[in-house]
Amino acid sequence: EPLDGGDEAASEPLALSLTPTVDKETLLADNEDLRLYLETTLARPVVFVVGDSYSDTSDRFLAGEADFAMMPHRIGMETWSRNPAVTPLVTKVVNGSTTVGGYLVIRSDDPVTQLGRLTGATLCYSDPMSNTGYLLPRRHIVANGLDPDGDFEGHMSGDHEQVLRDVLSGVCRVGATFSGNYVTADQRGIAVAQLKVLALTGS
């Protein structure tokens, strides 16, 4: 609800920090309805602040540069561990689910069907603090008897959309992303038909 202090306080914008899981333009567009809802509900202007990375989003929020932050699970838990006063308010639900699946994807014309045949290849991650874009694929690799650092050349793409673009352009042969990004990327001009899922890494 509006802070005490009259019209002047009520006109001060609230800042909501967004984690750069996808391209900034996509992120802002996807969350515009939320911003408008919050403005109406809180009777305050709401502005988005997009971090440069997952960790930067957390750092800025803890430094007081944003009133609220929207973070995926892993960086959210990391933020809470750094300051137990952080309070989760809402859990995001997509199509009735609070979880998201991780994928390893390769080009559709790549003949490989088994992860073990990709040793020596470059693997694109989104961000070191991403579950589906870093932690889960590395666990999956270990579970398959491989070494994520010794058997693959890691490349940090920066966000999940760029992971797909980097696989398509040949920057890496395999990329780690989440299911929602993969199934909707064609709406953002990414040629998903030229990709295929090599493995499910968990949720």
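Buried means under 20% relative accessible area, exposed means over 50%, and partly exposed is whatever falls in between, using a 1.4 Å probe and protein chains only. Keep that scale in mind, since it comes back throughout. What you have here is a predicted model, in which local features need pLDDT of at least 70 and side-chain atom pairs count only at pLDDT 80 or more, while totals for chains, interfaces and linings use all residues. Residues are numbered from 1 along each chain as its sequence is written, and side-chain values use heavy atoms, with hydrogens and water left out.

Let's start with strand β1, residues 14-18. Helices (H or I, at least four residues) and strands (E, at least two) are DSSP runs, numbered from the N terminus. Five of the five residues of β1 are buried, so the strand is largely enclosed by the rest of the structure.

Now for its neighbours. Two strands pair if DSSP finds at least two bridges between them. β1 runs parallel to β2 (residues 46-50), with five bridges joining the two, and L18 stands opposite V50 of β2. β1 also runs parallel to β3 (residues 68-70), this time through three bridges; here S17 has A69 as its bridge partner.

Next, move to helix α4, residues 54-62, where Y54, D56, T57, S58 and F61 are buried. An α-helix has 3.6 residues a turn, so residues three or four places apart point the same way. The buried residues of α4 pack against β1, β3, α5 (73-82) and α7 (160-169), where contact means heavy atoms within 4.5 Å. Leaving aside residues up to four places away in sequence, T57 touches S17, L18, T19, P20, G51 and M71. Just after the helix, G64 takes a positive phi of about 85°.

On to the charged side chains. Side chains of opposite charge can pair when their charged atoms come close. A salt bridge is a side-chain nitrogen of Lys or Arg within 4 Å of a carboxyl oxygen of Asp or Glu, and the whole structure holds 11 of them. One of these joins R60 to D52, with the closest N and O atoms 3.7 Å apart. R60 is partly exposed at 27%, whereas D52 is exposed at 64%.

R107 and D109 form another salt bridge, at 3.2 Å from N to O. R107 is partly exposed, with a relative accessible area of 26%, while D109 is exposed at 55%. Then there is the bridge between R173 and D110, at 2.7 Å from N to O. That pair links distant parts of the chain, 63 residues apart: R173 lies in the loop between α7 and β7 (174-178), and D110 in the loop between β4 (102-107) and β5 (122-125). R173 is partly exposed at 35%, but D110 is buried at 9%. Elsewhere, salt bridges that share partners join D52, D56, R60 and E65 into one network.

β4 and β7 bring us to the other sheet. Five strands form an open sheet in the order β6-β5-β7-β4-β8, with mixed pairing. Its edge strands are β6 (153-156) and β8 (195-202), each pairing on one side only. From one strand to the next, the twist averages 30°. β4 and β7 pair in the antiparallel sense over five bridges, and L104 stands opposite A176 in β7. Helix α7 packs on this sheet, touching β4, β5, β6, β7 and β8, and its direction makes about 155° with that of β7. Such axes are lines fitted to C-alpha atoms, for helices over the stretch in contact, and angles run from 0 to 180 degrees between N-to-C directions.

Finally, the aromatics. Rings of Phe, Tyr and Trp (its six-membered ring) pair if their centres lie within 6.5 Å; planes under 30 degrees apart count as stacked, over 60 as edge-to-face and the rest as tilted. The whole structure has two aromatic pairs. In one of them, the rings of Y103 and Y182 have centres 5.6 Å apart and planes at 80°, so the pair is edge-to-face. It links distant parts of the chain, with Y103 in strand β4 and Y182 in helix α8 (residues 179-184), 79 residues apart. Both Y103 and Y182 are buried.
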